[in-house]
Amino acid sequence: MPAANLPPLRPIRSFVRREGRLTDAQQRALDTLWTRYGVTAAASPLDLDTLFARAAPRILEIGFGNGESLAVMAQVQPAADFLGIEVHRPGVGHLLLRADALGLNNLRVMCADAAETVPRLPDAGFARIQVFFPDPWPKKRHHKRRLVQPAFVALLARKLETGGYLHLATDWEDYAEHMLAVLGACGHLRNTTRDFAPRPSHRPFTKFEQRGQRLGHRIWDLLFQRC
Ligand SMILES: C[S@@+](CC[C@H](N)C(=O)[O-])C[C@H]1O[C@@H](n2cnc3c(N)ncnc32)[C@H](O)[C@@H]1O
């Protein structure tokens with residue numbers, strides 16, 4: 001078959017599209033609160049000053065799950081603006097409910113695949129990017145589905161302002177080692193410590209972290225700086 005007639009290659013996804021059940025409250029949140037907090041991926045770079053109606057340090061979180069820890073961070077750091085990206089709609093609905101209950105003005109949410117969305121965010125737009133407990137894809141044949149890969153990390157580094165931080169955490173040892181190797185090989189990032197960092201006090205315990213801890217897992221934080 002000539003190459004032009006081949007079907008397009010399916011991109012490798014870091015997630016399985018499992019819609020799960022949206023509760024009535026989550027559905028209502030998506031219906032009524034999306035206009036306040038939701039951001040639909042645009043073709044051109046997002047203007048963050050317009051989005052948040054002010055200039056402030058910006059923090060991006062990828063794969064926030066149910067968003068509980070992101071909502072807490074936004075609540076205790078009102079001087080910073082938070083943008084969350086999550087592909088799982090029930091988690092997005094959950095975060096919208098929390099944001100509304102807490103009356104947050106410094107949080108916006110995208111329901112999208114970060115691999116497609118992050119390229120449209122402004123370069124040097126963020127003081128911190130955080131990815132907490134990304135799916136570990138433990139089987140070797142699935143390692144290619146891990147979110148933390150050299151090309152994605154190079155993209156994240158480009159989205160950080162000089163001196164900004166990339167903060168990762170995992171409870172999966174060989175993913176932690178993989179992260180350390182990938183971040184260490186990125187020419188635009190430098191480790192703030194020798195290898196793994198202590199959990200910064202500003203990072204609340206996340207839902208997946210607590211599940212890992214119940215299973216007796218260790219936790220690894222990585223804190224690299226854009227140079
Ligand atoms: C293991 S969970 C961790 C959730 C949360 N950070 C926590 O610690 O509780 C990983 C999350 O990343 C999301 N995710 C995976 N790949 C993603 C992608 N490419 N774009 C956006 N979200 C993604 C999944 O839907 C899932 O909610």
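The model is a predicted one. The second largest pocket has a volume of about 220 Å³, while the largest pocket has a volume of about 1100 Å³.

**Second largest pocket**

- Helix 5 (114-117) and helix 6 are the elements that give two or more residues to the lining of the second largest pocket.
- Helix 6 supplies three residues, the largest share of that lining.
- By class, the lining of the second largest pocket divides into eight nonpolar, two polar and six charged residues.
- The second largest pocket lies between domain 1 (22-34 + 66-121) and domain 2 (124-227), because both domains give residues to its lining.

**Largest pocket**

- The volume of the largest pocket is about 1100 Å³.
- The largest pocket is lined by 46 residues, and R18, G65, E86, D135 and F208 are the closest to its centre.
- Two or more lining residues come from each of strand 1, helix 3 (68-76), strand 2 (81-86), helix 4 (89-102), strand 4 and helix 8 (207-214).
- The lining of the largest pocket is made up of 20 nonpolar, 14 polar and twelve charged residues.
- Domain 1 (22-34 + 66-121) and domain 2 (124-227) both contribute to the lining of the largest pocket, so this pocket lies between them.

- Most residues other than glycine have a negative phi.
- A53 sits in the loop that runs between helix 2 (48-52) and strand 1 (58-62).
- The relative accessible area of A53 is 69%, so A53 is exposed, the cut-off for exposed being over 50%.
- W137 counts as buried because its relative accessibility is 14%, and buried means under 20%.

Methods. Residues are numbered from 1 along each chain as its sequence is written. This is a predicted model: local features need pLDDT of at least 70, side-chain atom pairs count only at pLDDT 80 or more; totals for chains, interfaces and linings use all residues. Side-chain values use heavy atoms; hydrogens and water are left out. Helices (H or I, at least four residues) and strands (E, at least two) are DSSP runs, numbered from the N terminus. Buried means under 20% relative accessible area, exposed over 50%, partly exposed in between (1.4 Å probe, protein chains only). On a 1 Å grid over the protein atoms alone, a cavity is a set of points where a 1.4 Å probe fits but cannot get out, and a pocket is an open set with protein on both sides within 12 Å along at least five of seven lines; lining residues have an atom within 4 Å of a point. Grid points are joined across faces, edges and corners, and a volume is the space filled by probe spheres set on the points. Ala, Val, Leu, Ile, Met, Phe, Trp, Tyr, Cys and Pro count as nonpolar, Asp, Glu, Lys and Arg as charged, and the others, Gly among them, as polar. Domain bounds come from an automatic or database domain assignment.
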